[in-house]
Amino acid sequence: MNDSSSLFVVDSNKNFTRKRKLLFGSTLFNVLLLESGSLKDEMFKLFGYKLDTPTASSFV
């Protein structure tokens, strides 16, 4: 799916085109690993409780 991400996004010219912490493949992987905690807590857990963890709103 990561190699053909343009098939799964709304606007392939804009979505997931810049270098960011939340790339297409890692976002899908994170969705699969989510448990029953809040999105903020799950993001901290996925990124090792670092201060530069992406925010929940950036994930959404």
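Where is threonine 53 found? Threonine 53 sits in the loop between helix 2 and helix 3. Helices here are DSSP runs (H or I, at least four residues), numbered from the N terminus. This is a predicted model: local features need pLDDT of at least 70, side-chain atom pairs count only at pLDDT 80 or more, and totals for chains, interfaces and linings use all residues. Residues are numbered from 1 along each chain as its sequence is written, and side-chain values use heavy atoms, with hydrogens and water left out.

- Threonine 53 is buried, with a relative accessible area of 12%. Buried means under 20% relative accessible area, exposed over 50%, and partly exposed in between (1.4 Å probe, protein chains only).
- A polar atom of the threonine 53 side chain lies 2.6 Å from the backbone oxygen of lysine 50.
- Neighbours within four places in sequence aside, threonine 53 is in contact with Met43, Phe44 and Phe47. Contact means heavy atoms within 4.5 Å.
- Aspartate 52 belongs to this loop too. Its relative accessible area is 46%, so aspartate 52 is partly exposed.
- Aspartate 52 and lysine 21 are 31 residues apart in sequence, and their C-alpha atoms are 9.5 Å apart in space.
- Tyrosine 49 also has its place in the loop between helix 2 and helix 3. Tyrosine 49 counts as exposed, at 60% relative accessibility.
- Phi of tyrosine 49 is near 55 degrees, a positive value in a residue other than glycine. Most residues other than glycine have a negative phi.

- Phe24, Thr27 and Asn30 are buried in helix 1. They lie on the same side of helix 1 because they cover an arc of only 125 degrees around the axis. The arc is that of the directions from the helix axis to the C-beta atoms.
- Phe29 and Leu32 are exposed on the other side of helix 1.
- Helix 2 (39-46) and helix 3 (56-59) are included in what covers the buried residues of helix 1.

**Salt bridges**

- The whole structure holds two salt bridges. A salt bridge is a side-chain nitrogen of Lys or Arg within 4 Å of a carboxyl oxygen of Asp or Glu.
- Lysine 45 pairs with glutamate 35, with the closest N and O atoms 3.0 Å apart. This pair links distant parts of the chain, ten residues apart: lysine 45 is in helix 2, and glutamate 35 is in the loop between helix 1 and helix 2.
- Glutamate 42 and lysine 45 also meet in a salt bridge through their side chains (3.8 Å, N to O). About one helical turn separates glutamate 42 and lysine 45, because they are three residues apart in helix 2.
- Glutamate 42 is buried at 4% relative accessibility. Lysine 45 is partly exposed at 38%, and glutamate 35 is exposed at 56%.

**Segment before helix 1 and the surface**

- Met1, Leu7, Phe8 and Leu28 make a nonpolar surface patch of about 430 Å². Patches are made of residues with over 30% relative accessible area and no salt bridge; like charges are joined within 9 Å, and nonpolar side chains (Val, Leu, Ile, Met, Phe, Trp, Tyr) within 5 Å. Accessible areas come from the Shrake-Rupley method with a 1.4 Å probe; for residues, only the protein chains shown count as cover.
- Leucine 7 is found in the segment before helix 1 and counts as exposed at 65% relative accessibility.
- Valine 10 is in the segment before helix 1 (24-33) and is exposed, with a relative accessible area of 86%.

Methods:
Helices (H or I, at least four residues) and strands (E, at least two) are DSSP runs, numbered from the N terminus. A polar contact is a pair of N or O atoms within 3.5 Å; within protein, one must be able to donate a hydrogen and the other to accept it, and residues adjacent in sequence count only if both atoms are side-chain atoms.
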